[in-house]
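Here is a friendly walk through a model that you can follow with the sequence and the coordinates side by side. Please keep the viewer open as you read.

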Amino acid sequence: MAGKLLSPTEWESVIDDYNLGGAANLHRWTGGASVVDLCISSLLRKDFPVQLKLNLLTFLEHDSLDDSPLPSSSLSRLIDALRSVIQSPSDPFALKDQFLISTTAIFITSLLDNDELISGSPLRDLVELFLTIINRPNHGLDRHTRGVACECLRQLELAFPCLLSEITPHLWSLCQSERTHVSQWYVLLLSTTILNVVKLKPSGTSISSMSNATIPLIPFSVPQFLIDGVGSDFVWKEKEICYKELRRVVAFLLECPQYLTPFGLVEFMVAIIPVAEELELQASLMRVQFSWLLYTFEPLLCHIFLGIYFKFLDSFQGQELEVASRIMLLSKEPQHHLVFRLLGLHWILGFFALIVGEDEAKKRSILDMSLRFYPTIFDPLAIKALKLDLLAYCSSLICNPGDASGLKGVEADKGVYQVTLFKDGLVSVSAFKWLPPWSTETAVAFRAFHKFLIGGSPHADASSSSVGTLIESDIFYTLQKMLVDSTSESKGLVPVIVACIDRLLGCHKHHWLGEHLLVTLDKHLLPELKKDYSLGSYFPIFERISENDKVSPSGLLELLMRFTIFLVEKHGPDTGLKSWHHGSKILGICRTMLIHRRSSSLFTGLSKLLASTSLHFPDLEVRDNARFYLRMLICVPGKKLKHILNMGGNLPGISPSTHSGAFFNLQFPRALSDPKRSGSIASYIHIERVMPLLVKQSWSLSLPNFGINPDKPGFFEGIRDNESPSDETDTDITMSGNIISESEMLHQQKEPLRVMDAKISEIVSCLRRHFSFIPDYRHMPGIKITISCSLRFDSEALSGTRETNTAANVFDEVDKLPAIYATVLKFTSSAPYGPISSFPIPFLLGSPPKNDKHVTQSDSLAIVPVENGHAEEENFKAPVCIELEPREPMPGLVDVFIESNAENGQIIRGQLHSISVGIEDMFLRAILPDDLAEDDVPSYYVDLFNALWEACESSSSTGRETFVLKGGKGVSAISGTRSVKLLEVPLTSLVQAVERHLAPFVVCIIGEQLVDMVKARGVIKDILWKDFSSDSSFDVTCSPTSSKEPLYLKYLGDEDEGGVQIPTSKKNIGYFQILIFLPPRFHLLFQMELCDYSTLVRIRTDHWPCLAYVDDYLEALFLD
Amino acid sequence: MQSGCCIRGLWILNNQDFVIFSRKFPVVERRWRVACEKESDDNFKYHLLPYDSELASAFADRKKREGSARGFGIRVSQSVKGSDSWVDDPITRHVISLHINKEEKGESNLLWPLILHIKGPYSILVLPLVEPHHLKSYSRMCNRSDCGSAVGADENLSSLLLDLPSITGAFIVAHTIGEIILGEAVEPEVVAASSPSVGGLLDSLTGSIGISGISARPKPVAAPVAASTSSGTAVSGAVMSDAPKMGSRPLDKDVLRSFISSAMPFGTPLDLSYSNISAIKTTGFSSADTPPADRKQPAWKPYLYRGKQRILFTIHDTVHAAMYDRDEIPDSITISGQVNCRAELEGLPDVSFPLTGLDTARVQSLTFHPCAQVPEHGGDKQAITFSPPLGNFVLMHYQALCSVGPPIKGFYQLSMVSENEGAFLFKLSLMEGYKTPLTIEFCAVTMPFPRRRVVSFDGTPSIGTVSNTDHSVEWKIITNTRSASGKSIEATFPGTVRFAPWQAQRMPSFGSAIGSVADEDSDLETESSGSMVNVEDQIMEKMSKDLQAVDLEDPFCWQAYNYAKVSFKMIGPSLSGMSIDPKSVSIFPAVKATVEISTQVTSGDYILWNTLGKCPVAATPEA
């Protein structure tokens, strides 16, 4: 025996530890020694208190549950210890009894896990010990111990059936002789033994006679049958003597119940009923013997009786009502604890379910009882609830369509009877109408309501045929009316009704009932409601109506409209909070509708409601939200809209009160944290120009150089006035040019004073008129250019691993595509483009993945994607307009930043590919004066062209002239530059190129041949057409520049230092005069002399830096 | 009935949800394990019984989930699938399930049916043995996804409960244990002429303890019983609340352990009679305790009486009434009662007497002690024969309608003249039409105002005295027998009662079945107050707003009504008509024994509803 002996206090701790957490806690106490051995040695110590020993025994029992089975040696030691305790005169009976019990329990658990031990000596020794104890009937002092020993033997017999079969005759004789109160234990032992013998029919002749014991009681040996485990087909009847004897034993046993305790009787019945069946005892005998059980007030005995009743159902035929009313008494007797009264009602319900079947007569007798099921006033609510169940059961018996009419008391109309049952039953909890909705009465009432409602169509009933009859039944009508009435009377019931409807809606079988109730409420309750502040309580119902497709939204929308009107009318200084509260609730309903219904069904009503709310509602937030919803209703396609509104986990119906803040209560979205993703936004979100640039601009002249250069008069100086344009510094810090121009503000150009001739003054006045319409961007919105782009993104990137199924139909696919919401594009540029406003895109679908690779897989669809693909392509692009307000006409790059929300609430933030801006983006038509008649436009342009042409001559006399810009604050001067460019392209391609890219800017075409040609093509219209003769300044044979200006040729020669020969030999076909306005206030003039195979472009501009780009542009335009 | 009643284990938790006592029965557990292993499948397998700590935490979890230790009982909006209240049956407040989470394995194991009995500060859990298919069936029920079972049609709790006597038995075990740990295991009261009441079984044996030899055992002494305070509990018929009572003595584990080892040594209860068991434990048997020679001694009568022979009967009527004084609602008066008996007879005699006097038209039910043999539905001349156990016992229970008019009738009116002041008027007539020897011993009327504090009252009754406590006004009409013997009495009491200003009570955060559905609009709708018809409705409205939900064990929300409760005690013949003629009591084998019979009539729930207010009703079927 390893390990030290534990002291009593240590044992206490061991046991406490064990109970709390199991055997795992024991090791530190035992140090690995066997718990049993430790216990046994402690049990045998005389100095240990008896109570502790009792504890130890219980502990050993508990421990045997989860410990491995004890070895044979431990069991033997245990028996030795037991023997010594039993034989000790000093040990009290309590300890002896407990030792017997615990040893038996440990044996049973150990031996059952270890079959080999059954035949071993420990079990035999134990049984022998017990037999020794019980073999002293009527012995006085230890009579209780004898009872305990009987029980131990009985448990062994139960655990090892037929263990005692061979000594049954002895047991019987013991049982007959025992007269003290422990005879119960002998009787039970005998009946259990008999049961096993009868059930298992062990072979062998040793038990062929009950009266003559052929085997001595002691020494005991474990029967061979148990060891071999073989049963035989022994039939009792065949052995007449045996059978008779057995009947005698049973007859003896059947006299015993009066002497048994109720629990003893339970065990007795368990054993005796199968025996009675085997012996084919007359059932009526059983009835006579046991019907008294039903008349006792012991619930357990009543329950046992029911057990017999169901076993011998036939012999109790016709007594159903009697039995049922006796059980009913159990529930009515107030002296019983509530539980037994509840059990009684449950038994009745179970009893009915078992007996009723298809038997009409039984149904009738149950219905006859129905009056007894009414709850009484002092019945606890639990009882009331179950009694209402009984009434609901009766109701379902009536409404069963197979039922014949003619029931007693139901003659008139079974529907009416049903209704009476319901109404009268419900009286007992009718306080639910005015008690608070959380009252238990309410809960019970609505439980009954539910039971009555579904009574006619239980879940187990697979057929749906009862639906129609149920809807038309009186009971259903009454239930609905009760619902509507009590709801309109007391708004407190709303949450309860909603819970009830939710419960039905959530049920696969009774979904339709819930919907039907909603329709009823919509039809009957809504018109009843007063349109005042009390309406606010009904919103949970509205919420349900609004999310259910089966109910038309029109009634609700109308009600809400009227409520809105009421709110608007009632609005005053004191009702601000109320208006907000109710307004938000209304919007909540609108939101729910948007989530749950097809937009088309709502559109008219809802848009009206939202529109008037957004216009008239007194509360700002409500108005704003209404506008949001309206916008969304109009702009966002249905399914996506539902998705947007569902964001943030606001499941419909769960939090109806959070709607007003739906936009703001969203859990703060996590920024897209995946670095792989955020870094490559540009790889899946694409922004592209609609019209690609002709010149892939790879460079641009940097403005700073240009502005700093003191030799060149700054272009900004020309339009400077004395006031400092402070607003610009605030709005756009990227405009470095502007900052520089500020630094040069000190230089103020003096207004020159000169004399000019008539022609010059004509030119000057033309220019003055022109410039006076050019806005001074420092004081007013400048001239803007627009660059059209489109935004799209690849759906794969956002849908992650989601598989897109190409085989699915296209619409489904669209629904599956991810979308981004509330996208805002922000632009910055280092080029002087002024402030660039950001561009919002409310909603964008991802472009579907390229189907090309799937086409081969699904041949049948090979064509479809191609055709649909293109059309759809546009759906997945959002048009983007970048509006620039250039401070200087120059190409540049616009950086694009995106900020958007993905469907899962993530924020997508990052930079996209930059958009390049070309010089051609700056090309604008010159601004027309407001007062100009339409017919005069062509001539105005020609005049302007000519004036500018003159003014841009470097030596022009207008060079020192200044022109006042629009607004009168700024002034501008013209400082012209000239250039030429020879394009060696055929005439037709040149004309085509001009038509394609420069058509809006052509102001005049000169030369009959060219005029005819261009007119015939019909692209360029509304310009001045001239032949050479009409303008003296042109000559067919002569160079296009004015002959009066010889300097021109010379200059030309200087200019074209490359020695480009002017192809004078070629026939001049005509001229294009092209006037391009370059914002903010510059001009680019082309005069193209067209010959068959080459064209000379004379260029003049008042903004010389642009010549650099123009050169590239022209080459790209005509030569590529 | 495949198996009887076996217990796998039982636990007792204190009000801190700590297991203070546990007992497992390996033999029964072994049977469960075998059955489980036979039927185990993917979803179902055997789990070890939980350790105390696991069970305690599962119990606490359930408490949290279900709002209270008992739970909602009915499916409410807070109910979750898989929980007891999902089953939607009030009995799930008593037959509960626990989900035991094994920490190491992360699996949850359903423990059902656990019988929950709350007694004093203790929660007693008893786990009876069922068959695996029962457990599976329950598991399906509490996990069903539909709206709840239809009565009698779907898989339901009723058929399970009917199939399981072990649940019924486990309840009895739980209640017995509850009585033992609170020291409330008392025998019914039997009144003898010589003294107010006589003792129980232990008194019969008193004196023999420690003194060997039956000859030394004196005759039972009709000693006054100290525990007579609890005598009413078995009789009164009042709501037997198991609301926790505080301040009880610490649990005597040794007593409990020894009771369990005698009553159900292997988990199979065989005898739950605490008085017998403790008598055997303390007294034991002497060699002189010889069994009767001719017949078997019943298991419920381990000792035989020796001494002067007599037999005592006490007939006890309890009157329940709901008095409305309204034309449209009939008053309801019912009597429940019992006959207690104490037979001090030697040997094992049979006693019988005819059940005369009971008008079968008025008697609705009769149930008997198991020791009684009742002729199978006999005619009018029923006779009862019984072999009495030792000590006091309830021989029979009955329910009857009142044979005469109500002992106290009249009306109670309370009208709130202002928010804090009510005018009331009683007009009662006592014992109208009653004749001697029926006399009224005492009679008092209480007006409870559980939700208002009584500041003062004003008014003088025509008879008796009035006093008040914080929450009630009590009018003692009759305090001694002589003042009112055998004549009818008219009593009126007009007066006013003043209350402290009404203060809205805070809603408890839990405990109400649907409590979380607070009326969020309540503060927004005070504007309607002007349209109220009168002060009274206004106060009603105000007060009913924060009424708390009652337990399912209550008949209705008492606090929602104004009423007066009458309590009285009468001496004389019973109102039910139950009577025993001493001369007709026969004992076999015949012995000379005195027969004493006493009768008392007390009030149960005897309620006068405020005629001017709301009152609960129940439909009375026209039988």
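## Around A:Asp142

Leaving aside residues up to four places away in sequence, A:Asp142 touches A:Phe93 and A:Arg136, where a contact means heavy atoms within 4.5 Å. Before going further, please note that this is a predicted model, in which local features need pLDDT of at least 70 and side-chain atom pairs count only at pLDDT 80 or more, while totals for chains, interfaces and linings use all residues. Residues are numbered from 1 along each chain as its sequence is written, chains are lettered from A and ligands numbered from 1 in the order in which they are written, and side-chain values use heavy atoms, with hydrogens and water left out.

To find A:Asp142 in the viewer, look in the loop between α7 (121–134) and α8 (143–159) of chain A. Helices (H or I, at least four residues) and strands (E, at least two) are DSSP runs, numbered from the N terminus. Is A:Asp142 buried or exposed? A:Asp142 is buried, with a relative accessible area of 9%; the classes are buried under 20% relative accessible area, exposed over 50%, and partly exposed in between (1.4 Å probe, protein chains only).

The side chain of A:Asp142 also makes a polar contact with the side chain of A:Arg136, at 2.5 Å. A polar contact here is a pair of N or O atoms within 3.5 Å; within protein, one must be able to donate a hydrogen and the other to accept it, and residues adjacent in sequence count only if both atoms are side-chain atoms. Both residues belong to a network of salt bridges that links A:Arg136, A:Asp142, A:Arg146 and A:Glu178.

## Salt bridges

A salt bridge is a side-chain nitrogen of Lys or Arg within 4 Å of a carboxyl oxygen of Asp or Glu. By this rule, how many salt bridges are there over all chains? The count comes to 49. Here are some of them.

| Pair | Closest N and O atoms |
|---|---|
| A:Asp485 and A:Lys481 | 2.9 Å |
| A:Arg1098 and A:Glu1089 | 2.7 Å |
| B:Asp605 and B:Lys565 | 3.3 Å |

A:Asp485 and A:Lys481 share helix α23 (residues 474–489) of chain A, where they sit 4 residues apart, about one turn of the helix. A:Asp485 counts as partly exposed at 31% relative accessibility, and A:Lys481 counts as partly exposed at 42%.

For the second pair, A:Arg1098 counts as buried at 1% relative accessibility, and A:Glu1089 counts as buried at 7%. A UniProt annotation, "domain: AP5B1 C-terminal" (unreviewed entry), covers residues 1067–1116 of chain A; UniProt positions are given in the numbering used here, feature names are shortened, and annotations may be inferred rather than shown by experiment. Over residues 1067–1116, chain A is 22% helix and 50% strand, with the end C-alpha atoms 25 Å apart.

In chain B, B:Asp605 forms a salt bridge with B:Lys565. B:Asp605 lies in strand β22 (residues 594–609) and B:Lys565 in strand β20 (residues 563–571) of chain B, so the pair ties together parts that are 40 residues apart in sequence. B:Asp605 counts as buried at 7% relative accessibility, whereas B:Lys565 counts as partly exposed at 29%.

## Where the chains meet

The contact between the chains takes 144 residues from chain B and 144 residues from chain A. Together, chain B and chain A bury about 12,200 Å², with 65% of it on carbon and sulfur atoms; buried area is the accessible area (1.4 Å probe) that two parts lose on being put together, summed over both.

Across this interface the rule finds 3 salt bridges. One of the salt bridges joins the side chains of A:Glu61 and B:Arg23 (3.3 Å, N to O). The interface of chain B and chain A also has 37 residue pairs in polar contact, both at pLDDT 80 or more. Helix α5 (residues 165–181) of chain B gives 7 residues, the largest share of the side of chain B that touches chain A.

## The two chains overall

Chain A has 46 helices and 15 strands, and 57% of its 1120 residues count as buried. Chain B has 9 helices and 22 strands, and 57% of its 623 residues count as buried.
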